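Here is a quick tour of a structure for someone meeting it for the first time. Have a look at it, then read on.

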Number of protein chains: 2
Amino acid sequence: MPTFKLTILGSNSALPAYGRFPTAQVLNVNEHLYLLDCGEGTQMNLSKYEIRRSKIRHIFISHLHGDHFFGLVGLLTSYSLLGREHKLTIFCPEGLKEIIDIQTNASSGGLGYEVEFQIIDPNEYLTIFENEDLEVTTIPMDHSIPCCGFLFREKPHKQKILKEKIAEYNIDFENIRAIKSGADFKTNSGAIIPNEELTLPAPKSRSYAYCSDTAYTESIIPIIENVDLLYHEATFLDESKEIAAQKKHTTTKEAANIALKAKVQELLIGHFSARYKELDIFLTEAKEVFENTQLATEGSIFEVNN
Amino acid sequence: MPTFKLTILGSNSALPAYGRFPTAQVLNVNEHLYLLDCGEGTQMNLSKYEIRRSKIRHIFISHLHGDHFFGLVGLLTSYSLLGREHKLTIFCPEGLKEIIDIQTNASSGGLGYEVEFQIIDPNEYLTIFENEDLEVTTIPMDHSIPCCGFLFREKPHKQKILKEKIAEYNIDFENIRAIKSGADFKTNSGAIIPNEELTLPAPKSRSYAYCSDTAYTESIIPIIENVDLLYHEATFLDESKEIAAQKKHTTTKEAANIALKAKVQELLIGHFSARYKELDIFLTEAKEVFENTQLATEGSIFEVNN
């Protein structure tokens, strides 16, 4: 099965603390790497967790709070120093291109490879990217500045044809293709062999929803319903519900409540406030509402199998 | 004696590698902290090495290559989140203010405390700052973009009067002040007691020269002559002399040669190229020319005593 694996590079909210870094994650889908947000220190953590940065072709920036993009200019500059040739596409809200340009122009007179900034509207639910493996859609968040999450959903896999059936019925290449796409098979003698006798069911399409900074909002539930893996920020503990609402962030129990209502398989929580040194209580609180929860801490890896 | 202590936060050149961070150092003079350059990750390393960032009131940026300033916006933003009230002064070349402003405006609508950018001319040898403890002058470097180092020199200390002499001659407060400034003392009987009999010599003024990115240039020698501590970049090993010259950087032996010719007490080398994993050979090569050399690696502390 193709890889579907998430690595956490940064777990903290705005103020780095206790060795925790600001937000960044890498999703590996079929050995294509997608970088989600890029807080300060992302390039160091890519090295630390042995992720091949050259494999990243697409970067998704949820919003322009510094803890989600201050590491981008360093990463882009390092690519240039390393002689990158591949184009890089950055999906981001308006304004980031100017921020990068002013710095790279001052620092190095620009970058030596193509960078395309694809401006997204964080308030809309839209498909912004697709390739042979997957489709990415925006998930509008409720935050203090325009902000969106991203939903990664694999494209439907093809059915697998049973090798012994190819031999048994002497099926030619053209018919194999048709059967993989769902067709029945007609033998030389005119008998119809139903598709389900010839194939294994297609592996299911996997999905990951990245819900970056947001207040508690049930408006995202229809978008993220039934995903395999949900990352939802949980900046505060339950006791700080009012502060969370005021700062347009979420608590442990609220994040878990979203996971429950959206019937997801597994919940990851992160974006922890610097006021908390220990994180155990985050897990305990979230698990009270949604059992299959884990902490999205630096270096953790979460794989989704079919 | 007042503190005079340097802590290294980043030792690497442009491309972070092997856990080495881009350039940043903190000089503590009499418990005032001065930050020298601010590469990506500086704020994390301030925490890691337990340096009280709130004590920093002055930041000196040598030039606008990213590995010397990409960490600044994160540090400034964190100060804002921590509710900083004290003014911060940043000495830097033209262009940095705009780079910081565009980012803090997008991210947080500005900073909640006063930041003054004092534009320096990196090509001039000038005193840019002084207070009761010290004087800071620029050291023009020979680099691919305008760049300067900084010389920190303590102001002359006063002589210490010997307590037993105060008692012996019953010296009053006004005369004590005069003696500390170098005067002799006239007793009631009219005898002249020479100053050197009444005092201990003043502790000598200590000095630190920070020579950030530069090609080998002897033009800096008259400025840094006899300093107690010299940091001089040594991006490359001796074998890469031509590459160093081409990229306007320095080798181990060249840095050591500057230390030798400038008759400094101690040499620190840093800004190591990412092409080198091991650093022992840097030290060996430099010591062949100037014995009292040390590697300026992350977390190292160098104190200067009187």
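## Two strands to start with

In chain A, strand E1 (residues 4–10) and strand E2 (residues 24–29) run antiparallel and are joined by six bridges. A:Thr7 stands opposite A:Val26 in E2(A). Helices (H or I, at least four residues) and strands (E, at least two) are DSSP runs, numbered from the N terminus, and two strands pair if DSSP finds at least two bridges between them.

A word on the model itself: it is predicted, so local features need pLDDT of at least 70 and side-chain atom pairs count only at pLDDT 80 or more, while totals for chains, interfaces and linings use all residues. Residues are numbered from 1 along each chain as its sequence is written, and chains are lettered from A and ligands numbered from 1 in the order in which they are written.

## The open sheet

E1 and E2 belong to an open sheet of seven strands in chain A, in the order E6-E5-E4-E3-E2-E1-E18, with mixed pairing. At its edges stand strand E6 (115–119) and strand E18 (301–303) of chain A, each with a single partner strand, so one side of each has no neighbour in the sheet. On average, neighbouring strands here are turned by 20 degrees against each other, direction ignored.

## Chain A overall

Chain A has ten helices and 18 strands. Its C-alpha atoms fill a box of roughly 75 × 50 × 35 Å, taken along the principal axes.

## A buried strand

How many residues of strand E9 (residues 148–154) of chain A are buried? Seven of the seven, so E9(A) is largely enclosed by the rest of the structure. A:Cys148, A:Phe150, A:Phe152 and A:Glu154 point one way, while A:Gly149, A:Leu151 and A:Arg153 point the other. In a regular strand the side chains alternate between the two faces of the sheet.

E9(A) has antiparallel partners. Seven bridges join strand E8 (residues 134–140) of chain A to E9(A), with A:Val136 opposite A:Phe152. Four bridges join E9(A) to strand E14 (residues 207–211) of chain A, where A:Arg153 stands opposite A:Ser207.

## Helix H3 of chain B

Now over to chain B. Helix H3 (residues 96–108) has 13 residues and reaches 18 Å from first C-alpha to last, close to the 18 Å expected at 1.5 Å a residue (the expected span is 1.5 Å times one less than the number of residues). B:Leu96, B:Ile99, B:Gln103, B:Ala106 and B:Ser107 are buried in H3(B). They sit on the same side of H3(B), because they cover an arc of only 125 degrees around the axis, taken from the directions from the helix axis to the C-beta atoms.

What covers these buried residues includes helix H3 (96–108) of chain A, along with helix H2 (72–81), strand E5 (88–92) and strand E6 (115–119) of chain B. Just after H3(B), B:Gly109 takes a positive phi of about 65 degrees.

## Where the chains meet

In all, 24 residues of chain B are in contact with 24 residues of chain A (contact means C-beta atoms, placed from the backbone, within 7 Å). Helix H1 (42–48), H2 and H3 of chain B each give two or more residues to the side that touches chain A. The largest share of that side, six residues, comes from H3(B).

Key. Buried ≥ 20, exposed ≤ 12 C-beta atoms within 10 Å, placed from the backbone. Contact = placed C-beta atoms within 7 Å. Axes fitted to C-alpha atoms, helices over the stretch in contact; angles between N-to-C directions.
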